[in-house]
Amino acid sequence: DFVLLGGSVNLDTIDGSLLTDALPPVVVIDREEAGPIGWLLEQLDLEWNSAAPGARIACNDLLRLVFIHVLRAYMARQTSQHPGWLAGLADARLAPALRAIHADPSHRWTVEALASLAGQSRSGFAEKFRATVGASPIDYLANWRMRLAAARLRRGNEPLPRIAQSLGYASDSAFAASFRRVLGQSPARYRGLYRDKTRSEVVNS
């Protein structure tokens with residue numbers, strides 16, 4: 001006998017790709033590594049069949065918790081054979097450097113400073129980072145900054161100079177050049193194209 005439960009977690013169609021691209025099509029979690037997932041699924045089953053107030057809200061929260069624990073279980077078994085930022089966060093030596101980049105992307109990080117956080121030599125850290133994450137530390141930092149910039153361009157009218165300065169760029173031209181190198185177009189064009197797409201979707205709906 002078995003019980004089949006289905007659910008979904010909606011991610012931002014653009015930013016969400018950062019996560020979905022790092023995951024395989026299917027993740028199988030064995031009982032030994034499931035942790036609290038089994039209990040969460042039992043509660044999900046109970047709430048779904050319940051008429052109690054707030055049952056559907058509880059189901060949504062339980063599904064998100066299941067998703068988080070599945071990611072944790074997947075990350076715990078990551079190796080350098082599957083390069084990506086998830087593998088980097090699962091590596092005890094690299095994780096402090098990645099968390100520092102994510103927490104303070106505007107900081108003028110150097111390979112030396114990040115290597116110090118990882119407790120490694122500059123060359124050893126750079127080699128380990130590239131092998132595990134799939135990009136050099138500085139390239140990863142630039143890509144992370146541009147992903148943050150792209151999200152802000154899509155979601156509001158924040159002036160480009162303010163975005164550039166908040167992400168550690170001394171000039172608008174340096175920011176624009178980095179954005180164009182990573183995303184293939186200028187920040188202004190990217191914002192304009194996204195707005196046109198959004199307007200088209202509103203009209204068609």
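Ala, Val, Leu, Ile, Met, Phe, Trp, Tyr, Cys and Pro count as nonpolar, Asp, Glu, Lys and Arg as charged, and the others, Gly among them, as polar. The exercises below use these classes. The model is predicted.

**Exercise 1. The overall fold**

Describe the secondary structure, the extent and the burial of the chain.

Solution. 
- Step 1: Take the secondary structure. The chain has 12 helices and zero strands. Its pattern along the sequence is α-α-α-α-α-α-α-α-α-α-α-α.
- Step 2: Take the extent. Along the principal axes, the C-alpha atoms fill a box of roughly 60 × 55 × 25 Å.
- Step 3: Take the burial. Of the 205 residues in the chain, 32% are buried.
- Step 4: Take the contacts. Among contacts with a separation of 6 or more, 60% join residues 24 or more positions apart.

**Exercise 2. The largest pocket**

What is the volume of the largest pocket, and how do its lining residues divide into nonpolar, polar and charged?

Solution. 
- Step 1: Start with the space. The largest pocket holds about 620 Å³.
- Step 2: Find the lining. It consists of 22 residues. Leu 5, Ile 37, Leu 41, Val 66 and Val 70 lie nearest the centre of the pocket.
- Step 3: Helix 3 (37-48) and helix 4 (55-76) each give at least two residues. Helix 4 gives the largest share, five residues.
- Step 4: Sort by class. The lining has 18 nonpolar residues, three polar and one charged.

**Exercise 3. The second largest pocket**

Which helix supplies the largest share of the lining of the second largest pocket?

Solution. 
- Step 1: Start with the space. The second largest pocket has a volume of about 250 Å³.
- Step 2: Find the lining. It has 13 residues, and Leu 18, Trp 85, Tyr 140, Asn 143 and Arg 147 are nearest the centre.
- Step 3: Helix 1 (17-20) and helix 9 (137-155) each contribute at least two residues. The largest share, four residues, is from helix 9.
- Step 4: Sort by class. Eight lining residues are nonpolar, three are polar and two are charged.

**Exercise 4. Tyr 140 and Leu 141**

Are Tyr 140 and Leu 141 buried or exposed, and which residues do they touch?

Solution. 
- Step 1: Apply the cut-off. Buried means under 20% relative accessible area. Tyr 140 has 10%, so Tyr 140 is buried. Leu 141 has 4%, so Leu 141 is buried.
- Step 2: List the contacts, leaving aside neighbours within four places in sequence. Tyr 140 is in contact with Trp 85, Leu 98, Ile 101, His 102, Phe 129, Val 133 and Ala 135. Leu 141 touches Ile 101, Pro 105 and Trp 109.
- Step 3: Leu 141 and Trp 109 are 32 residues apart in sequence, with 8.2 Å from C-alpha to C-alpha. Tyr 140 and Asn 10 are 130 residues apart in sequence, with 25 Å from C-alpha to C-alpha.

**Exercise 5. Helix 9 against helix 11**

At what angle do helix 9 and helix 11 pack, and where does Ser 178 sit?

Solution. 
- Step 1: Read the geometry. The angle between helix 9 and helix 11 is about 95°, and the axes are 10 Å apart.
- Step 2: Classify the angle. Values of 65 to 115 degrees count as roughly perpendicular. Helix 9 is therefore roughly perpendicular to helix 11.
- Step 3: Name the partners. Helix 9 uses Ala 142, Asn 143, Met 146, Ala 149, Ala 150 and Leu 153. Helix 11 uses Phe 175, Ser 178, Phe 179, Val 182 and Leu 183.
- Step 4: Sort by class. The contact of helix 9 with helix 11 has nine nonpolar residues, two polar and no charged.
- Step 5: Turn to Ser 178. This residue belongs to helix 11 (residues 172-183). Its relative accessibility is 2%, so Ser 178 counts as buried. Beyond its neighbours within four places in sequence, Ser 178 is in contact with Ala 142, Met 146 and Tyr 169.

**Exercise 6. Helix 7 against helix 8**

Which residues make the contact between helix 7 and helix 8?

Solution. 
- Step 1: Read the geometry. Helix 7 (residues 111-118) and helix 8 (residues 122-133) pack at about 85°, with axes 9 Å apart.
- Step 2: Classify the angle. Helix 7 is thus roughly perpendicular to helix 8.
- Step 3: Name the partners. Val 111, Glu 112, Leu 114, Ala 115 and Ala 118 come from helix 7. Arg 122, Phe 125 and Ala 126 come from helix 8.
- Step 4: Sort by class. Six residues of this contact are nonpolar, none is polar and two are charged.

How values were computed. Residues are numbered from 1 along each chain as its sequence is written. This is a predicted model: local features need pLDDT of at least 70, side-chain atom pairs count only at pLDDT 80 or more; totals for chains, interfaces and linings use all residues. Side-chain values use heavy atoms; hydrogens and water are left out. Axes are lines fitted to C-alpha atoms, for helices over the stretch in contact, and angles run from 0 to 180 degrees between N-to-C directions. Angles under 35 degrees count as roughly parallel, over 145 as roughly antiparallel, 65 to 115 as roughly perpendicular and the rest as oblique. Contact means heavy atoms within 4.5 Å. On a 1 Å grid over the protein atoms alone, a cavity is a set of points where a 1.4 Å probe fits but cannot get out, and a pocket is an open set with protein on both sides within 12 Å along at least five of seven lines; lining residues have an atom within 4 Å of a point. Grid points are joined across faces, edges and corners, and a volume is the space filled by probe spheres set on the points. Buried means under 20% relative accessible area, exposed over 50%, partly exposed in between (1.4 Å probe, protein chains only).
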